[in-house]
Every structure is written in C-alpha cells, then in structure tokens.
Amino acid sequence: MDPKPKRTKRTAAKGAEEASSRGYLDGQLLIAMPVMEDERFARSVIYVCAHSSEGAMGIIVNRPAGSIDFPELLVQLDIIEKADQIKLPENAETMKVLKGGPVETGRGFVLHSSDFFIKDATLPIDDGICLTATVDILKAIAKGAGPKHAILALGYAGWAPGQLETEIQDNGWLHCAADADLIFGSDVEDKYDRAMHKIGIEPGMLSNEAGHA
C-alpha cells in the first residue's frame, strides 16, 4: 500500500511526527485516507487496542458483518436456545456485530465499556474502554449482566513491527483521540464522516487520486 495524495502529505507527516513524539497509538482511532488502495480498509475507522515495537492490533468499528445479528449468533454458539431469543435484554437485542478486520475472522472480540471486567481475560485499553475475547462476556450480555456499551467484532486488523508507522508516513492513515460515541454508536455507516469531521477535515477536500512525486 503506497497511497500518496496530492494535498495531504503535510497533514499525514504531521500526524506521524505527533505519533512518534507522543509514543504509541493505543486507544486512538485510525481513519483511512480516501486514497486507501486496500479495499479491506477503505473508509474504515479502527480503534487501536495495542501498539508497540512488536506491531499493532485494532478493531474496525464501522463495518457491519452483513446479515449476522447478535441474537442469532448466541444461538449458533449454543449460548442460548432459539426460543430464548425473545427474552434477551435490550442491550443484547441491539448489539452490533461488525467485521473487525481480516485476521482471525472466525473469532469474536468484544470492545466494551470498563464497567465489566473478567480477571485474566479483559484487557483495559484507554479512557474506560476494554477488550474481551472470551465467550464468558457473551454469556454475561445474554443474561443482562454485561457491560453497558459493547460491540462484537469478528476478526481484527493487525500490523507487523513498524508497518503501521510506515503506513501513516505514506499517507495511509490519519489518527485522532477516540471517544465512546464513535466506537459504540449505532450509526455505523456515518462513523467515517464523523471521524473526519472530528479532526476538522471534510472528506471531499482531500484528493481522491494518488499524487506523483
């Protein structure tokens, strides 16, 4: 991936410098540039769960998982009986199931508020947001004992050591502070534009064509 937009080199370079001076991007949002050539990440907003010298891992928070809904998934995983779907608490009925990324797409990862914690299973990330990847959290949500806010992602996005830094320098990503509404909001289709607006950018202002040096 080597997108190079005409008018955004300075913006992306500044972002990379800020990332370098501040350290790693745990708890930040990555926002794909409009010139993103990798279709798996086009117009994606990714919450970075872990970022270190060993690489990075994040969850795409704005890509619905097609026709899969959470109550049906609970039935498929034998967490509830099909007849019990109508008894689920509201949080479980409305919980979003997303395509979290192209790695381990058969595995579920729950991003959630920090009012729920499982010892040795829940990873606190930043600003009251945690990640849990065990079936126990799904069982808790089904019983109405789970976190107040949560999304279930199938799969995740991963980067090798230094790869994310290189992609930011090559104008692949912008980044900004995360907020719970962008992560857990129900308006999944609008999250990309909202994330762009959050950092003061109108997507239409950026070049949609790759520039040439």
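pLDDT is the predictor's confidence in each residue, from 0 to 100. This is a predicted model, in which local features need pLDDT of at least 70 and side-chain atom pairs count only at pLDDT 80 or more, while totals for chains, interfaces and linings use all residues. Residues are numbered from 1 along each chain as its sequence is written, and side-chain values use heavy atoms, with hydrogens and water left out.

**Exercise 1.** State what pLDDT the chain averages, and which pLDDT residues 1-22 have.

Solution. The average over the chain is 85, and 84% of the residues score at least 70. Over residues 1-22 the pLDDT is below 50. Residues 208-213 also stay under 50.

**Exercise 2.** Classify the ring pair of Phe-41 and Trp-159, and locate both residues.

Solution. Rings of Phe, Tyr and Trp (its six-membered ring) pair if their centres lie within 6.5 Å; planes under 30 degrees apart count as stacked, over 60 as edge-to-face and the rest as tilted. By this rule there are 4 aromatic pairs. For Phe-41 and Trp-159 the centres are 6.5 Å apart and the planes stand at 25°, so the pair is stacked. Phe-41 lies in the loop between β1 (28-32) and β2 (45-52) and Trp-159 in strand β8, so the pair ties together parts 118 residues apart in sequence. Strands are DSSP runs (E, at least two residues), numbered from the N terminus.

Methods
Contact = heavy atoms within 4.5 Å. Helix = DSSP H or I, 4+ residues; strand = E, 2+ residues; numbered from the N terminus.
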